[in-house]
Amino acid sequence: MPYIPLKENLPGITGLLDHRNDTALPIRQLTQILLRGESTLSKGERELIASVVSSGNECRFCTAAHTAVADLYMGDPAIADGVKINIDAAPVSEKMKALLKIAAAVQKNGRLVTKAMIDAAKKEGVTDRELHDTVLIAALFSLYNRYVDGLATVTPTDPAFYNRLGQILLEKGYLPSEDRYANL
């Protein structure tokens, strides 16, 4: 049961964003910029970062939601599942492995990112912009995970819910839209 009154039909962060529209807008805008804006990382790769961080933080809602979106973008559920289980063995590029390791370090504590990790990423062709955005996505999703779990939002257990949410995020992105969650 959530610690504050939230609409029952809006679980996880969706209810929290609805609860405070004034704080929801900048949250949505930053998420849209980072996950859907211009980048040399694909939208699927950026969703993988969100999935890895959310999984590391044990935020079931965010993990399931962003895994669903990553699966849609990547076209293979084994990819998101793989990076959450073992980044080194996951079916992604060495460049993406380096970025996911940095994201996982940020998820625990930003000071765990080392020069060796940055050097390894740069050796794989990671740009300064990709490093910046990876760290910011990881930090942002750590905030979201704590927001969702710190207020004990409802976390649906039905995988079909996350498939529907993933489709909404794929089609509409993160900015507010009319009847956004009508199909949840």
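## Terms and model

Helices (H or I, at least four residues) and strands (E, at least two) are DSSP runs, numbered from the N terminus. This is a predicted model, in which local features need pLDDT of at least 70 and side-chain atom pairs count only at pLDDT 80 or more, while totals for chains, interfaces and linings use all residues. Residues are numbered from 1 along each chain as its sequence is written, and side-chain values use heavy atoms, with hydrogens and water left out.

Rolling a probe the size of a water molecule over the atoms shows where empty space is left. On a 1 Å grid over the protein atoms alone, a cavity is a set of points where a 1.4 Å probe fits but cannot get out, whereas a pocket is an open set with protein on both sides within 12 Å along at least five of seven lines; lining residues have an atom within 4 Å of a point. Grid points are joined across faces, edges and corners, and a volume is the space filled by probe spheres set on the points.

The whole structure holds one cavity of 30 Å³ or more, and the largest cavity contains about 210 Å³ of space. Its lining is made of 16 residues, with Ile13, Leu17, His66, Leu169 and Tyr174 nearest the centre. At least two lining residues come from each of α1 (12-19), α2 (21-36), α4 (60-74), α8 (128-150) and α9 (159-172), and α4 gives the most, with four residues. By class, twelve residues of this lining are nonpolar, three are polar and one is charged (Ala, Val, Leu, Ile, Met, Phe, Trp, Tyr, Cys and Pro count as nonpolar, Asp, Glu, Lys and Arg as charged, and the others, Gly among them, as polar).

The largest pocket has a volume of about 230 Å³. It is lined by 13 residues, of which Asp18, Asn21, Arg28, Arg180 and Tyr181 are closest to its centre. Both α1 and α2 give two or more residues to this lining, and α2 gives the most, with four.

For the second largest pocket the volume is about 170 Å³. Among the residues lining this pocket are Arg60, Thr67, Thr155, Asp158 and Tyr162. Here α4 gives the most residues, namely four, and the lining as a whole divides into five nonpolar, four polar and two charged residues.

## Two helix pairs

Two packed helices are described by the angle between their axes and the distance between the axes. Axes are lines fitted to C-alpha atoms, for helices over the stretch in contact, and angles run from 0 to 180 degrees between N-to-C directions. The axes of α4 and α5 (residues 77-85) come within 7 Å and cross at roughly 135°, which makes α4 oblique to α5 (angles under 35 degrees count as roughly parallel, over 145 as roughly antiparallel, 65 to 115 as roughly perpendicular and the rest as oblique). Residues of α4 that meet α5 include Thr63, Thr67 and Ala70, where contact means heavy atoms within 4.5 Å.

The axes of α6 (residues 94-108) and α7 (residues 115-123) come within 9 Å and cross at roughly 155°, and this makes α6 roughly antiparallel to α7. In this pair, Ala98, Lys101, Ile102 and Ala105 of α6 meet Met117, Ile118 and Ala121 of α7. The residues of this contact are six nonpolar, no polar and one charged.
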